Amino acid sequence: MEPSTDGADFVRHEPCDKCGSSDANSLYSDNSMWCFSCETYTSGDGEIAYRSNKVKDEGVDLLSGEFRELRARQIDEATCRKFDYRVGTHKGQPVQIATYKDRQGKPVAQKIRTKDKQFSTVGRAKEMGLYGQHLWSSGKKIVVCEGEIDTMTVSMIQGNKFATCGLPHGAQSAKKHLLKALDYLNNFEEIILMFDQDEAGIDSAKACAEVLPLGKTKIAVLPHKDPNECLLKGQSGAIITAIHQAQSYRPDGIVSMEDLRDTIAVKDAESPIKYPYPKLNEMLKGIRTGLITLAAGSGVGKSTLIREFAYKIHSDGFTVGMMMLEESTKRTSQGLVGIHINKNIVIDDDAASKEEIEDGFEDLLSQGPIYLFDHFGSTDMDTIENRIRYMKHGLGCDVIVLDHVSILISGLTGETTNERTLVDSIIHRLRVLCSELDLALILVSHLRRPSGDTGHEGGAKVSLAQLRSSHSIAQLSDGCIGLEVDPEDPTAGLRNLVVLKNRFTGEVGPADQLQYDREKGRLVSVQDFSPF
């Protein structure tokens with residue numbers, strides 16, 4: 001409360017040399033002053049006669065207050081006393097006051113929290129270390145939380161007996177403060193990071209664990225957002241469990257062989273998603289997650305084969321996404337409906353009536369959705385990557401087809417751009433995306449024309465070395481399938497499938513022989529082909 005100034009008139013506002021305010025200090029006619037910012041009263045003779053909620057410690061002006069139970073947070077008074085967490089007033093508002101002390105226990109600064117969660121600091125803010133660091137010097141474990149409330153929560157449910165500290169400014173500056181306190185943290189055998197279970201907290205915990213001592217740094221996982229929420233929901237035991245079950249941090253990509261004990265003798269199951277051809281399934285064990293490249297020369301039938309793949313995936317009850325960059329979505333749809341009704345409606349306008357096509361369309365989609373990418377000429381890699389993510393996460397696609405990589409290259413190539421470098425970048429991004437999304441991505445790639453007089457359309461063999469522009473396609477693909485014209489009779493519509501690369505089982509070589517059925521517009525296995 002402001003001291004009485006009865007008998008004195010207000011003169012003007014002045015700066016306060018106690019708190020640095022530019023105009024919060026009020027001068028009265030008897031030369032007394034009252035600062036509404038730091039709440040200091042100076043009598044007319046210049047003596048500080050009243051400081052309502054201020055204490056002075058070695059040149060640091062800090063707020064005073066009362067120790068109280070924080071009922072809304074279910075934190076008892078004893079815990080607040082231990083951590084020097086008070087309730088007081090600041091600038092005329094009720095506030096909570098967390099006092100930060102150095103390792104010798106001397107106050108250096110305070111963090112002020114208003115009822116509407118506005119934060120400020122008083123004192124020497126640059127000297128703020130971990131909240132509560134003065135209470136423990138060494139030990140078996142130390143738990144580091146994001147803030148003061150969570151720190152007191154974790155300490156209280158352990159009887160205030162075990163080392164628990166907090167970050168002064170949350171997850172955003174966690175790494176900086178933990179590195180600053182590294183020599184202190186190294187006094188403990190285990191460092192357990194118990195950050196908030198939101199995206200910012202999880203990412204920050206991983207980033208901090210990257211720079212803290214490996215082998216002793218662990219990350220705790222909670223069932224709710226933070227420790228205090230666990231306490232408020234009656235699950236304080238989950239905090240104790242999280243401490244004891246915290247996992248040692250291990251950088252991405254590093255695994256212990258010991259972790260494979262339960263799976264070492266389990267055979268890899270064949271993928272339930274199948275190719276439409278038996279020998280191909282036998283060799284590749286179905287369509288597995290990863291990057292699968294289909295390679296063929298120009299005019300050999302890549303798009304027809306891709307539609308056969310997609311139709312089989314869809315018919316078996318899986319969800320397929322098709323990014324056909326060289327044709328319209330209408331053309332893709334016509335091809336799939338044509339397969340479904342066994343009529344070549346893409347080429348022959350009279351192959352089926354309007355009613356047959358519409359009925360086939362409805363029947364095809366009654367089995368589930370098929371998703372197409374209407375590219376409108378937009379084939380930049382960022383767009384493609386984002387649409388693949390959406391097809392996987394937003395639409396639940398099990399397999400995505402991208403036809404073809406050459407369109408991406410032509411869309412990016414400029415006068416001074418190195419095509420090989422572009423391909424390397426594109427394939428690397430697609431391969432990483434497959435791992436990130438646990439996705440089966442079938443990529444179509446053109447081939448360079450082979451040397452000699454016979455091109456692929458005349459029966460020339462397909463090889464990995466012929467993949468356009470870069471060796472990265474062959475190197476980064478998990479599987480590579482070639483489509484060849486039969487060299488014995490290039491005009492007979494026979495096509496040979498050959499497995500060029502097989503990271504899954506290692507088996508490569510000739511697969512199925514296919515026959516192009518011109519009337520139906522389909523590529524079918526020769527044993528299933530009937531000209532009648």
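This is a predicted model: local features need pLDDT of at least 70, side-chain atom pairs count only at pLDDT 80 or more; totals for chains, interfaces and linings use all residues.

Reader: Why are α10 and α11 called roughly perpendicular?

Author: Helix α10 (residues 329-341) and helix α11 (residues 354-365) pack at an angle of about 90°, and their axes are 9 Å apart. Roughly perpendicular covers 65 to 115 degrees, so α10 and α11 get that label.

Reader: Which residues of α10 and α11 make the contact?

Author: From α10 you have Leu336, Val337, His340 and Ile341, and from α11 there are Glu356, Ile357, Gly360, Phe361, Asp363 and Leu364. That contact splits into 6 nonpolar, 2 polar and 2 charged residues.

Reader: What makes β19 and β25 edge strands?

Author: The open sheet has 9 strands in the order β19-β18-β20-β21-β17-β22-β23-β24-β25, with mixed pairing. β19 (370-372) and β25 (522-525) each have a single partner strand, so one side of each has no neighbour in the sheet.

Reader: How do you know that β24 pairs with β25?

Author: Pairing takes at least two bridges, and 4 bridges join β24 (residues 509-517) to β25, with the two running antiparallel. For instance, tyrosine 516 has leucine 523 in β25 as its bridge partner.

Reader: Why is cysteine 208 called buried, and what about cysteine 434?

Author: Buried means under 20% relative accessible area. Cysteine 208 is at 0%, so it counts as buried. Cysteine 434 has 3%, so it is buried too.

Reader: How many disulfides are there?

Author: A disulfide needs two cysteine sulfur atoms within 2.5 Å, and by that rule the count is 0.

Definitions and conventions:
Residues are numbered from 1 along each chain as its sequence is written. Side-chain values use heavy atoms; hydrogens and water are left out. Axes are lines fitted to C-alpha atoms, for helices over the stretch in contact, and angles run from 0 to 180 degrees between N-to-C directions. Angles under 35 degrees count as roughly parallel, over 145 as roughly antiparallel, 65 to 115 as roughly perpendicular and the rest as oblique. Contact means heavy atoms within 4.5 Å. Ala, Val, Leu, Ile, Met, Phe, Trp, Tyr, Cys and Pro count as nonpolar, Asp, Glu, Lys and Arg as charged, and the others, Gly among them, as polar. Buried means under 20% relative accessible area, exposed over 50%, partly exposed in between (1.4 Å probe, protein chains only).
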